[in-house]
Each structure stands twice: as C-alpha cells, then as structure tokens.
Amino acid sequence: MFNFFKKNKKKETTKQSSSSQLAETLFAPATGEFKAIDQVDDPVFSQKMMGDGYAVEPETGDVYAPVAGTVMSIFPTKHAIYIKTDDDVEVLVHMGIDTVELDGAPFEVTVAEGDQVSVGSKIANVDLNQLASAGKGKFIVVVFTNLEDFSNLQLTASGHVTHSAEVGTVTADH
C-alpha cells in the first residue's frame with residue numbers, strides 16, 4: 001500500500017542464523033490494555049482492511065515507537081505516523097478511532113519525517129480528554145501495511161502492558 005524504500009541506520013531485529021529467516025520484535029506503543037486488532041471498534045481495523053496488527057487502549061496520552069526505524073510519513077491531521085524498519089516492515093501507528101475529522105487538534109507529534117526512532121522513543125502525545133469529548137475511541141493501533149511480504153505475525157501479549165514491552169514478532173523468509 002505504501003512503498004517507502006529508504007535505508008535506515010539502526011536495527012532492532014533478531015536474525016536467526018540457522019535459517020534465512022528474519023524476526024522483527026514488536027513492542028507496545030502505549031501503557032494500557034492490549035487488544036488483538038479484531039477487537040478494535042472500527043471495521044477498517046477489525047476487518048484488517050489496512051493490514052494485520054494490534055492495539056492498546058491507553059491509560060495516558062503518551063505514544064511510543066513500537067519498532068525501530070525511520071519516520072517515513074506523518075499524516076497532515078497528525079493522527080497517524082508511518083515508520084519503516086531496516087527490514088522493510090511498514091508500520092502505521094494510528095491514534096484514536098475516526099480522528100481525521102478532528103484536524104490534528106488532540107495530537108502533538110514529537111518526531112519529524114526522516115527521523116530515526118528507537119523502540120520506546122516518544123513519537124506523539126494524544127489529549128485523551130479531547131478524544132472523549134469528541135466521542136472518539138482512544139485506541140493506539142499498530143498496523144503492518146505490507147504484511148503480505150512477511151510470513152507470520154505472532155502476538156504474545158495480553159491484558160495490561162506497559163509502553164515498550166515486547167508484544168510479539170513478525171517474521172519473513174529471506
């Protein structure tokens with residue numbers, strides 16, 4: 001869907017040398033309740049129309065990078081940030097549900113396009129009270145938009161997670 005072909009400088013991956021399989025470790029973008037993507041109250045996400053992934057219903061508005069990579073795009077409405085890893089995993093971090101119409105009001109993005117981010121780098125802040133006042137869901141959704149290029153998404157987290165906690169892996173044969 002989104003094809004970005006820039007090389008990154010830093011890697012947060014684990015290579016399994018016994019085969020030519022790559023494993024990218026995934027992390028929680030916020031502290032809160034971990035959810036499978038099909039539990040997100042939005043059909044675009046729950047039916048995986050944009051790709052597979054996961055979500056966290058946050059306790060605070062702090063949003064962190066779920067992978068290491070390069071910030072490829074920040075949506076003009078500041079509700080979504082695209083990160084691409086060194087191993088070409090395309091990751092959309094989407095803040096809130098149906099938040100485009102808020103025109104960026106509840107979002108403060110703390111990174112810029114081209115920035116290198118590490119796991120746990122703060123990338124944004126969301127005013128959860130503004131989302132609630134507007135009647136919007138507060139999920140922080142992590143979507144892999146090119147998962148068809150990878151062989152397996154395995155999520156290992158459930159229940160309460162803290163930001164930057166390991167939540168699973170995505171693998172690809174190379």
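Started with the sheet: I find an open one of 3 strands, ordered β5-β11-β9, with antiparallel pairing. This is a predicted model, so I kept to its rules: local features need pLDDT of at least 70, side-chain atom pairs count only at pLDDT 80 or more, and totals for chains, interfaces and linings use all residues. Residues are numbered from 1 along each chain as its sequence is written, and side-chain values use heavy atoms, with hydrogens and water left out.

I call two strands paired if DSSP finds at least two bridges between them.

Then I went after aromatics. I count rings of Phe, Tyr and Trp (its six-membered ring) as a pair if their centres lie within 6.5 Å; planes under 30 degrees apart are stacked, over 60 edge-to-face, the rest tilted. The whole structure gives 3 such pairs. One of them is Y54 with F144, tilted, at 6.2 Å centre to centre and 45° between the planes. Y54 sits in β4 (residues 52-58) and F144 in β12 (residues 140-144), so this pair ties together parts 90 residues apart in sequence.

Buried or exposed, Y54? Buried, at a relative accessible area of 0%; F144 is buried as well, at 1%. My cut-offs are under 20% for buried, over 50% for exposed and partly exposed in between (1.4 Å probe, protein chains only).

Methods
Helices (H or I, at least four residues) and strands (E, at least two) are DSSP runs, numbered from the N terminus.
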